[in-house]
Amino acid sequence: MAKPFASSADLGEKKQSMEVLAEGVYALTAEGDPNVGAIEAEDFLVCFEALATPVAAREWLARLREHTDKPIRYLVLSHYHAVRVLGASAFGADVIVTHDKTRELIAERGEQDWASEYARMPRLFKEPGSIPGLTWPTATFSDTFTIDLGGDRGDLVLAYCGRGHTEGDLVAWLPKRRIMFAGDLVESQAALYTGDAFHLDWSAATLDKVASFGAETLVGGRGAVARGRQGVEAAIAQTRDFLTVMLREVGAAGSVREAFERTHRELEPRYGSWPIFEHCLPFNVSRLWDELHGVERPRIWTAERDREVWDQLQR
Ligand SMILES: [Zn+2]
């Protein structure tokens with residue numbers, strides 16, 4: 001029997017866990033669904049990631065409001081993917097921050113990405129009619145963007161680490177607490193999505209840069225919070241291993257079909273039970289095949305191209 005498309009048959013609600021990582025630093029994880037976070041400044045809040053719809057975001061904000069009633073000054077979006085950004089209107093933030101490239105990607109492919117992600121993961125789009133349109137950043141940067149949290153709370157540093165999960169990912173780094181929100185550049189016990197990625201850069205210089213911060217707590221894009229120096233290093237190593245195996249197997253294959261079979265065979269024993277593994281792999285292999293055959297920038301995923309690649313590879 002054919003496998004159901006992407007995560008279209010995954011309709012079971014995931015359990016959300018609110019975690020206080022340090023005083024005034026919050027993460028909401030959800031068994032492999034996209035993670036979100038918030039950081040308290042002296043007299044305002046910085047929120048990290050916006051979920052897929054305003055209705056989904058408002059549920060997160062209700063949990064956050066049990067801890068703090070400070071106004072939301074900044075909404076930081078790690079990259080352009082729809083399930084991270086389309087809930088932005090619920091935050092009422094004064095400033096929406098992304099990397100420069102993320103703004104360009106929203107303009108270039110935001111509409112197509114919205115349609116593609118909605119079809120792939122309908123469960124994440126709670127009341128999709130509540131989305132008012134694409135989310136546009138109001139402040140962008142190329143290297144770093146620093147937010148002074150006031151009092152003795154130190155800075156929150158937004159940093160670009162190179163091309164990775166997309167062309168414009170950022171990480172949010174709290175030096176004083178040694179806590180990092182890494183977006184989808186690092187996953188902890190959740191499969192990687194690499195359909196818009198730059199595998200060669202990501203697996204090498206970009207992850208080296210992420211590791212160089214020396215975080216002691218790391219919230220990845222999906223999966224559990226990584227704790228302790230060893231836990232953070234393990235999450236980064238696992239992300240790198242996933243990419244390295246893909247690079248080796250796709251690089252050795254003579255066709256995209258063979259690339260999929262080889263990659264699936266090698267990754268499945270270790271990662272097959274992790275959230276969205278089967279969902280992601282056809283899109284991942286398709287992109288990496290392109291990357292290794294001279295297609296510099298990821299091709300735009302449309303709902304139609306999604307189906308074609310799925311039917312070709314995931315059968
Ligand atoms: Zn993503």
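In which helix is the place of alanine 119? Before I answer, let me say that what we are looking at today is a predicted model, and with that in mind I can tell you that alanine 119 sits in helix H3. Leaving out the residues up to four places away in sequence, alanine 119 touches Phe5 and Ser8. To give you a sense of distance, alanine 119 and valine 25 are 94 residues apart in sequence, and their C-alpha atoms are 33 Å apart in space.

A search of the whole structure finds 4 cavities of 30 Å³ or more, and I will describe two of them. The largest cavity has a volume of about 240 Å³, and among the 16 residues that line it, Gln16, Asp33, Leu51, Leu124 and Lys126 lie nearest its centre. Strand S2, which covers 25–30, strand S3, which covers 33–40, and helix H1, which covers 54–64, each supply at least two residues of the lining of the largest cavity, with the largest share, 3 residues, coming from S3. Sorted by class, the lining of the largest cavity holds 9 nonpolar, 1 polar and 6 charged residues.

The second largest cavity has about 160 Å³ of space, and it is lined by 19 residues, of which His81, Glu117, Met121, Tyr193 and Arg222 are the closest to its centre. Here helix H3 comes back into the story, as the largest share of the lining of the second largest cavity, 4 residues, comes from H3, while helix H2 (82–85) and helix H7, like H3 (100–120), each supply at least two residues. The class count for the lining of the second largest cavity is 6 nonpolar, 5 polar and 8 charged residues.

Next come the pockets. The largest pocket has a volume of about 180 Å³, and of the 14 residues that line it, Ser7, Asp10, Lys14, Arg123 and Ile276 lie nearest its centre. Its lining divides into 6 nonpolar, 2 polar and 6 charged residues. In the second largest pocket the lining divides into 4 nonpolar, 1 polar and 6 charged residues.

Which residues have the most contacts inside the largest nonpolar core? That core has 50 residues, and the ones with the most contacts inside it are Val171, Met180, Val186, Val210, Phe242, Leu267 and Phe283. Strands S9, S10 and S11 and helices H4, H5, H6, H7 and H8 are the elements that give two or more residues to this core, and H5 gives the most, with 9 residues. If we take valine 186 and leave aside its neighbours within four places in sequence, its contacts include Leu207, Val210, Leu218, Ala235, Ile236 and Thr239. Apart from this core lies another, of 30 residues, among them Val36, Ala50, Leu51 and Ala88.

I will finish with strand S12, which spans residues 217–220 and in which Thr217 and Val219 point one way while Leu218 and Gly220 point the other way, although all of them are buried. In a regular strand, the side chains alternate between the two faces of the sheet. S12 runs parallel to S11, and 4 bridges join the two strands; across that pairing, isoleucine 179 stands opposite threonine 217.

Is threonine 217 buried or exposed? Its relative accessible area is 13%, and because the limit for a buried residue is under 20%, threonine 217 counts as buried. Not counting residues up to four places away in sequence, threonine 217 touches Leu21, Arg178, Ile179, Met180, Val225, Ala226 and Val232, and one of these, Met180, is also among the residues with the most contacts inside the largest nonpolar core.

Terms used: Residues numbered from 1 in each chain as written. Predicted model: local features only at pLDDT ≥ 70, side-chain atom pairs only at ≥ 80, totals over all residues. Heavy atoms only, no water. Core = buried A, V, L, I, M, F, W, Y, C linked by side-chain atoms within 4.5 Å. Buried < 20%, exposed > 50% of the residue type's maximum accessible area, 1.4 Å probe, protein only. Contact = heavy atoms within 4.5 Å. 1 Å grid on protein atoms, 1.4 Å probe; cavity = no way out; pocket = protein on both sides within 12 Å on 5 of 7 lines; lining within 4 Å. Points joined across faces, edges and corners; volume = space filled by probe spheres on them. Nonpolar A, V, L, I, M, F, W, Y, C, P; charged D, E, K, R; others polar. Pairing = 2+ DSSP bridges.
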